[in-house]
Amino acid sequence: MMPMAPPAPDLLAAIVAATRRIVEVRAREIPLAEMERRAGAAASAPGRFKEALLRRDRLNVIAECKRRSPSRGVLRQNYEPAALAAAYAQAGAAAVSVLTEPTFFDGSLEHLAAVRAAVALPILRKDFIVDRYQLLEARTAGADAVLLIVAALSAAELRELHASAIDAGLEVLVEVHQADEVPIAVDSGAQMIGVNNRDLRTLAVDGEASNRLIRMIPRDVVSVAESGLKTRDDLERLRTCGYHAFLIGERFMTADDPGSALAELLKGQGPMPRLKADS
């Protein structure tokens, strides 16, 4: 009898564990009370991230700044988030996503702050949020919105963090990958739901996830398709299915000129395909 293969490592669990340790260290360096003070003093404009994703006269792309990914390694040696964000803004991005996770993605909050100083677009902090402390960090660094991942949290944690983010003046994009996560996202109070075609536990990409899960997302919730999107046809097809916006990272990070790659993707925008909800 052949021995059974060991189970595949759960990358998401490893990232979440590392994140919890990092948050503990940072909270010792800057106490919670001080972070609350800084977050309270930071400017905010609640609602503008969602508003940017609801534009109907364009394809709404959230263009991502990401130096590295666990699946492909370093994506960009010469990584300058502020310059990338400025190029995205000029090319017509609806918003910018900044990866701030340090261990697996080579990100940092300093990258987010640099992007905030460079562009006026709404900014999403893309990270593995597990603690209210990270929400205060995001607000302090200039984020308009944060990502909460259903698979990384219990249902109770998700509800609590979602409420805390709103209280902190942040908008929330709640991310799902499989069908049983959608009701959990809706129950948390999510007004924006992202469907990630990539399984964060294994990094496998399922291009049909967006097609399956859009049917489960309430029509009054903003829907965002994430991962594996490469062509304008991909975006137009998913918009017709009902998606309001599209989060794209590696497609741009591996291009010689990320801004030009976005401009090419958006080139010749004419009348937009009708959203399914418009029919």
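Good morning. Please keep in mind throughout that the structure before us is a predicted model.

Let me begin with the chain as a whole. The protein chain contains 13 helices and ten strands. Its radius of gyration is 18 Å, close to the 19 Å that the globule rule gives for 279 residues, so the chain is as compact as a globular protein of that length.

How much of the chain is buried? Of the 279 residues, 53% count as buried. The accessible surface comes to about 12400 Å², and carbon and sulfur atoms contribute 54% of that area. Consider next the contacts with a separation of 6 or more: 69% of them are between residues 24 or more positions apart. As for charge, there are 35 positive and 37 negative side chains, and the centres of these two sets lie 3 Å apart.

I now turn to the strands. In a regular strand the side chains alternate between the two faces of the sheet. With that in mind, let us look at strand S6, which covers residues 145-149. Five of its five residues are buried, so S6 is largely enclosed by the rest of the structure. On one side we find Ala-145, Leu-147 and Ile-149, on the other Val-146 and Leu-148, and all of these are buried. Which strand is joined to S6 by two bridges? It is strand S5, residues 123-126, and the two run parallel. Within this pair, Leu-124 stands opposite Ala-145 of S6.

Strand S7, residues 171-176, pairs with S8 in the parallel sense over three bridges. Here Val-176 stands opposite Val-195 of S8.

Let us move to individual residues in helices. Ala-18 is found in helix H1, residues 11-29. Is Ala-18 buried or exposed? Its relative accessibility is 8%, so Ala-18 counts as buried. Its C-alpha atom is separated by 21 Å from that of Leu-124, a residue 106 positions away along the chain.

Asp-234 has its place in helix H11, residues 232-241. At 18% relative accessibility, Asp-234 also counts as buried, because the cut-off for that word is under 20%. Leaving aside residues up to four places away in sequence, Asp-234 touches Gly-228 and Leu-229. Phe-246 is twelve residues from Asp-234 along the chain, and their C-alpha atoms are separated by 9.8 Å.

Finally, I would draw attention to two backbone angles. Most residues other than glycine have a negative phi. Asp-106 is not a glycine, yet it has a positive phi of about 55°. Asp-106 lies in the loop between helix H5, 102-105, and helix H6, 109-118. With a relative accessible area of 27%, Asp-106 is partly exposed. Ser-227, likewise not a glycine, has a positive phi of about 75°. Ser-227 sits in the loop between strand S9, 222-226, and helix H11, the helix that holds Asp-234.

Thank you for your attention.

Technical notes. Residues are numbered from 1 along each chain as its sequence is written. This is a predicted model: local features need pLDDT of at least 70, side-chain atom pairs count only at pLDDT 80 or more; totals for chains, interfaces and linings use all residues. Side-chain values use heavy atoms; hydrogens and water are left out. Helices (H or I, at least four residues) and strands (E, at least two) are DSSP runs, numbered from the N terminus. The radius of gyration is taken over C-alpha atoms; the globule rule is 2.2 Å times the number of residues to the power 0.38. Buried means under 20% relative accessible area, exposed over 50%, partly exposed in between (1.4 Å probe, protein chains only). Contact means heavy atoms within 4.5 Å. Accessible areas come from the Shrake-Rupley method with a 1.4 Å probe; for residues, only the protein chains shown count as cover. Lys and Arg count as positive and Asp and Glu as negative; His and the chain ends are not counted. The place of a charge is taken as NZ of Lys, CZ of Arg, CG of Asp or CD of Glu. Two strands pair if DSSP finds at least two bridges between them.
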